[in-house]
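Hi,

Here is the structure I promised to pass on.

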Amino acid sequence: MNSAPQRAAYFSRPWVWDLRPTPGPHSAALLLLPHGGGSAHAFTEWPAHFPDDVTVLAAQYPGRGSRFGEPPARTMEELRDALVEALGALELPLVIFGNSLGALLGFEVAWHLEQAGRPPAALCVSGAWAPHAREPGATYGDALWSDTALVDWLHEYGGMPAEVLADPDLLTLVLDAVRADLTIVENYRFGPAPRRLACPITVLGGTEDRLVSEPTLRAWAERTRRDAEVHLLPGDHFHFADHLPYVTALVRAHLPTPADASGKRAEHDRT
């Protein structure tokens, strides 16, 4: 069965990719937001952890993957506005998962969807300080300006496939996108408004993460009017990749069951 018309009604490329196209009907959607320098390909293993009635989507930022020839985004607002627009007519219950840069972006997307009357069911974040609680003095320093310093930073903190780090020519091609993403985080400001989401937030952090401290992880509780759970897992800044079954189970717990979704559709039809 060709499911392209249904998928096109949900969202639009090139910003959002369906990692596992299924014909539906769908009960919910999951939007995955990569870390700085990352791409939709970082989530290729995720669909296997979710039932077929869940649409598993991943953001593809410009300047990488199939969008390599495009200039990378330069501001959080550029990423946020493009993704909100790309989600288009998506009316399914939506859970957002973001890692590092993707976590901050996830909050911004969730907030703007909520303001548009389309609040997500949950926000799940990993490896990121709360938007208002960045570590004092935290900066990427010379990594934003020097290729050598940026390569050293990638070797130290990870987030880049080993085969890319081992290939100087390939690494040179991706440095602009990585630097642009780090600059977005560097320049991100939460602002004075006391913004709090109407959905719960699940927070994941690595016990050995030297970029994000436990207090700044727990500060995510201040960004929701609902419950906030913090889970500390063994590992560094990219800990979640080593605990995928556990992490996806936490995310999956926020998704409605097919029966829940059917009930909501029936209620919608009656009104």
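This is a predicted model: local features need pLDDT of at least 70, side-chain atom pairs count only at pLDDT 80 or more; totals for chains, interfaces and linings use all residues.

The partner of glutamate 70 sits in another setting. The side chain of glutamate 70 meets that of arginine 67 in a salt bridge, at 2.7 Å from N to O. Arginine 67 has a relative accessibility of 4%, so it counts as buried.

**The chain as a whole**

The protein chain has 271 residues, and 52% of them count as buried. Its secondary structure comes to nine helices and seven strands. Among the contacts with a separation of 6 or more, 79% are between residues 24 or more positions apart. The accessible surface is about 12,400 Å², and carbon and sulfur atoms contribute 54% of that.

**Helix α4**

At the start of α4, serine 146 brings a side-chain oxygen to within 3.3 Å of the backbone nitrogen of threonine 148. After α4 comes glycine 158, with a positive phi near 85°.

**Salt bridges**

How many salt bridges does the structure hold? There are 11.

Arginine 210 pairs with glutamate 156, and their closest N and O atoms are 2.9 Å apart. This pair links distant parts of the chain, with arginine 210 in the loop between β6 (201-206) and α7 (214-218) and glutamate 156 in helix α4, 54 residues apart. Arginine 210 has a relative accessible area of 56%, so it is exposed. Glutamate 156 is partly exposed, because its relative accessible area is 45%.

There is also a network to look at: salt bridges that share partners join Arg80, Asp81, Glu108 and Arg195. Within it, arginine 80 forms a salt bridge with aspartate 81, and the closest N and O atoms are 2.9 Å apart. Arginine 80 counts as buried, because its relative accessibility is 13%. Aspartate 81 has a relative accessible area of 41%, so it is partly exposed.

**Proline 131**

Proline 131 lies in the loop between β5 (122-126) and α4. Is it buried or exposed? Proline 131 is buried, because its relative accessible area is 7%. Leaving aside residues up to four places away in sequence, proline 131 touches Leu104, Phe107, Tyr188, Phe190, Trp220 and Arg223. Tryptophan 220 is 89 residues from proline 131 in sequence, and the C-alpha atoms of the two are 7.7 Å apart in space.

**Threonine 22**

Another loop residue to look up is threonine 22, found between β1 (16-18) and β2 (28-33). Threonine 22 counts as buried, because its relative accessibility is 10%. A polar atom of the threonine 22 side chain lies 3.2 Å from the backbone oxygen of aspartate 52.

**A nonpolar patch on the surface**

Which residues form a nonpolar patch on the surface? They are Phe68, Leu170 and Leu173, and together they have about 260 Å² of accessible area. With a relative accessibility of 46%, leucine 173 counts as partly exposed.

Happy to talk any of this through once you have had a look.

Best wishes

Definitions and conventions: Residues are numbered from 1 along each chain as its sequence is written. Side-chain values use heavy atoms; hydrogens and water are left out. Helices (H or I, at least four residues) and strands (E, at least two) are DSSP runs, numbered from the N terminus. Buried means under 20% relative accessible area, exposed over 50%, partly exposed in between (1.4 Å probe, protein chains only). A polar contact is a pair of N or O atoms within 3.5 Å; within protein, one must be able to donate a hydrogen and the other to accept it, and residues adjacent in sequence count only if both atoms are side-chain atoms. Patches are made of residues with over 30% relative accessible area and no salt bridge: like charges are joined within 9 Å, nonpolar side chains (Val, Leu, Ile, Met, Phe, Trp, Tyr) within 5 Å. Accessible areas come from the Shrake-Rupley method with a 1.4 Å probe; for residues, only the protein chains shown count as cover. A salt bridge is a side-chain nitrogen of Lys or Arg within 4 Å of a carboxyl oxygen of Asp or Glu. Contact means heavy atoms within 4.5 Å.
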